[in-house]
Amino acid sequence: MAAERPTSGLAYPALVDGWAAEAPGAAALRYGDRIISAGELARSSRAVASGLESLGLKAGDRLALWLPNVPAWLIALTACARLGVTVVSVNTRFKRAEIEDLFARTRPRALILWPDFRGIDFLGILGAVDGAAVDSIEFLIAYREGEGRAALPRIGVRSRAVDYAALERTEKPCDRTGGRDHGSIIFTTSGTTKAPKLVLHTQASLTDHALAVAHRFKWREEGAVTLQVLPFCGTFGLSQANAALAARCPILLEPSFDAAQAVETIRRHRATHLFATDDMVAKLLEQSRSDADFASVRFWGYAKFNPALETLPEDAERQGVTLIGAYGSSELQALFACQDPAAERAARCLPGGFPTSPAGRVRARNAAGAIAAPDEVGALECRS
């Protein structure tokens, strides 16, 4: 008999609301010199939800998030979950063709973007997109951090410019918590053989996985702090952030990856948990100037992508870093599995490992459709 799948029974906003109820003054996010408490995170998400609702957004609608790692990303995702609105996750590196394809297929009613982030011409990219791909967008919502308030262009035939800060100032907060069966986020796959596929996760999927990851990786331990260098727009980064919220673990948030700054943040704020791609790990190791830089780190998970970095685990150990291989996908979510941190290096640093959730199941099926024998080549089937 198949094992019963454990569920939390919670919708996505409960990750924030539960923390705010337990410890409203606890530091949830550190963003530059700003500390955002759990209570502030919950209040902001309720205000933004009310603001979006006043624009007419409702359950079943889609909102595209085209932002770097800023607090507004998690606030907007939580706000949308309260309303049953599905977020379309947009990579900040996407160009015209990718934006055009994504918006044509997902048909978002609203788009939140930071027009002036790091000199990237987001508005120019958007302006070059075929009009038919963006004619569903009714609200172009601009997030800014102190820069000027240049007028936003009109896209499509009916778009209206909205200031994100005005949404956060909404006086009457939304009191809803969302539903587990509502779609929460759409990711794009890497599209290695064809155009990227779209992957939809429900609020139940995000919430239950976050709780499983938080438990497996011991983020509830005293003094746990996580450094977030992976982008929220992909499942690797969002799975990490969701688990931190579930564990009531403060997040050190960087808008984009800067290796020197990240090393300084780890050392100064005593980060205990982080995840990175192998090329990120290599850059962090290169920037280290002291054996004390990574002394606080208890768990360092990484994903293996670059064959040129085969010696990375050995190089890391020489600098006092114990790397642990992780496995996931947009369909399963990241951190679906990870290796045993106590294993020997050769096994510990392989991709894959053991399912994070006790409900996780893995098998292989051969070309004839039968369950594959040990060492037989087959198609991987996972239940997450």
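This is a predicted model: local features need pLDDT of at least 70, side-chain atom pairs count only at pLDDT 80 or more; totals for chains, interfaces and linings use all residues.

User: How do you know that the radius of gyration of the protein agrees with that of a compact globule?

Analyst: For 384 residues, a compact globule would have a radius of gyration near 21 Å; the protein has 21 Å, so the two agree. The C-alpha trace spans about 60 × 55 × 40 Å along its principal axes, and the protein has 13 helices and 18 strands.

User: What makes the span of helix α2 agree with its number of residues?

Analyst: Helix α2 covers residues 38-54, and at 1.5 Å a residue its 17 residues should span 24 Å. Its end C-alpha atoms lie 25 Å apart, which agrees. After α2 comes G56, whose phi is positive, near 105°.

User: Why is α2 called largely enclosed by the rest of the structure?

Analyst: Buried means under 20% relative accessible area. In α2, 12 of the 17 residues are buried, so the helix is largely enclosed. Among them are L41, A42, V48 and L52.

User: Why is T277 called buried?

Analyst: The relative accessible area of T277 is 15%, and the cut-off is under 20%, so T277 counts as buried. T277 belongs to strand β12, residues 273-277.

User: What makes the pair T277 and D279 a polar contact?

Analyst: Their side chains make a polar contact at 2.4 Å, and the cut-off for such a pair of N or O atoms is within 3.5 Å. Leaving aside residues up to four places away in sequence, T277 also touches L230, F236, A303 and F305.

Note on methods. Residues are numbered from 1 along each chain as its sequence is written. Side-chain values use heavy atoms; hydrogens and water are left out. Helices (H or I, at least four residues) and strands (E, at least two) are DSSP runs, numbered from the N terminus. Buried means under 20% relative accessible area, exposed over 50%, partly exposed in between (1.4 Å probe, protein chains only). A polar contact is a pair of N or O atoms within 3.5 Å; within protein, one must be able to donate a hydrogen and the other to accept it, and residues adjacent in sequence count only if both atoms are side-chain atoms. Contact means heavy atoms within 4.5 Å. The expected span of a helix is 1.5 Å times one less than its number of residues. The radius of gyration is taken over C-alpha atoms; the globule rule is 2.2 Å times the number of residues to the power 0.38.
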